[in-house]
Protein chains: 2
Amino acid sequence: MAIEVPKTRRGETSRAAILNAALDLFQERGYEATTMRSIAERTGVSLGSSYHYFPSKEHLVLEFYRHTHELHAAAIAPLLSREKDLATRLRGTIRAVVVTCEPFHAVAGSIFSTVANPASPLNPFGGVAKPLRDEVVQLYADVVSGSDARIPADIAEMLPLMLWLYQMGILYFWIFDRSPGRLRTLEVIDETTDLIVRLISLANLPVLRGSRKRILGLIKDIVERPQG
Amino acid sequence: MAIEVPKTRRGETSRAAILNAALDLFQERGYEATTMRSIAERTGVSLGSSYHYFPSKEHLVLEFYRHTHELHAAAIAPLLSREKDLATRLRGTIRAVVVTCEPFHAVAGSIFSTVANPASPLNPFGGVAKPLRDEVVQLYADVVSGSDARIPADIAEMLPLMLWLYQMGILYFWIFDRSPGRLRTLEVIDETTDLIVRLISLANLPVLRGSRKRILGLIKDIVERPQG
DNA sequence: GTCTATAACCGGATAGAC
DNA sequence: GTCTATCCGGTTATAGAC
């Protein structure tokens, strides 16, 4: 069940070749239509060999996920280093997510449901995928901390995780979006990022203090207690 | 792909028997461990016959979903007819969801991910499962309209759908919950239902008017425009 | 036309020899 | 680390029974 790390040069080559073939085929034919046999065939190895490196088809998806995360992080690096306005940073970051994932739009549905499955090793709430999730959460921490927005400490603590969840929500919307150029998703992103920044500033209002404390306390409790 | 409705008495009997066997087996062994062959065997029909009534294993899940919905609706009927306080109605309704689903806790993970899959016929955002979703949304409309809370029209319009989504969120939390007696989920329910009612009352504050209009407009737009 | 059964297909996963 | 052979379970084709 663990991820196999190749021990030899030859092993590394095989592993990389299998992964490449898989990514290509996912993109060409979609997730279900890509069989483990077709991946092995295109790579030029046997079916059994594929399983030596990737204990299941799902584990190939995990690599796929890592792949797009790296593309995404690279795509927004310039923005994050020059821009200070939080709304702009956030909007640019989320827009870049859907742009980066666009080539995989057709595959995304199956992948999303795999990831959402609590029984899957890929579920981001614990398991093999957790380290990668933490990287993405860290990326949103950078989005926030690199801005000139002054955010109360209790909100700042939980915000990156909330933004990661928000990103998931946008991706789920995007999966259903069939508008030309995926314009609807972009509209929703523009509207929601603005709204989020506005709500953060409103959270300082005295009347909202009580609810804010309760909400943040609840989130913290959910996140930090084990198994839930 | 359509749902097959038996045309004869004998057909009805077979269909009901298959469904019963499936529900029992799901509960006994979980979703994955229950094979279509085992369902057919327990029913005393052939594998092919099962497929005459249920075009896929997923379609059995849809019936399962309907089954629990009916148990749930029956369970909360007394509460809804006697209680007028919104927070109490909402808390009781959501608590009853997890209580009703408790016997299926072990199966729920697989089922949830099946349902979340945009490619699945069971996805509630369109497809075969939509009528059932509408029934559940209607149930939340009753929870709200039967209370003595005075809710602005724009909120009241979208609230039932939001509460259905909220229920989904609670169920997802509950799936992960391994605390004894599922106490954590019950705690989260109590806290969140209270919070929701509180936030609805706060929504009338002048400072929040703008955000409220924007949020409700956005939700309405997402719900009502096709394909998204 | 409605129901039931048998036999096969397909693809993910595994065992075990080399 | 690589292969072949096999299992297992969802699904389908199709022939016959009522």
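A polar contact is a pair of N or O atoms within 3.5 Å. In this predicted model, a polar side-chain atom of Arg37(A) lies 2.6 Å from a base nitrogen of DNA strand C. Between chain B and chain A, the buried area is about 3500 Å².

**Surface near DNA strand C**

- Tyr51(A) places an N or O atom of its side chain 3.1 Å from a phosphate oxygen of DNA strand C.
- For Ser49(B), a polar side-chain atom is 3.4 Å from a phosphate oxygen of DNA strand C.
- Two or more residues each come from helices H2 (36-43) and H3 (47-53) of chain A and from helices H1 (9-29) and H3 (47-53) of chain B.
- H3(B) contributes the most, with four residues.
- The residues of this surface comprise five nonpolar, 10 polar and five charged.
- Of the 20 residues around DNA strand C, those that come nearest are Met36(A), Arg37(A), Ser46(B), Ser49(B) and Tyr53(B).
- Of the atoms of DNA strand C that come within 4 Å of the protein, 65% belong to sugar and phosphate.

**Interface of chain B and chain A**

- Contact involves 37 residues of chain B and 37 residues of chain A.
- Carbon and sulfur atoms give 60% of the buried area.
- The interface holds eight salt bridges by the rule applied.
- Arg225(A) and Glu187(B) form a salt bridge in which the closest N and O atoms are 3.1 Å apart.
- On the side of chain B that touches chain A, H9(B) supplies the largest share, 10 residues.
- That side of chain B has 18 nonpolar, nine polar and 10 charged residues.

Methods: Residues numbered from 1 in each chain as written. Chains lettered and ligands numbered in written order. Predicted model: local features only at pLDDT ≥ 70, side-chain atom pairs only at ≥ 80, totals over all residues. Heavy atoms only, no water. Near = heavy atom within 4 Å. Polar contact = N/O pair within 3.5 Å; in protein donor to acceptor, adjacent residues only side chain to side chain. Nonpolar A, V, L, I, M, F, W, Y, C, P; charged D, E, K, R; others polar. Contact = heavy atoms within 4.5 Å. Buried area = accessible area lost by both parts, 1.4 Å probe. Salt bridge = Lys/Arg side-chain N within 4 Å of Asp/Glu carboxyl O.
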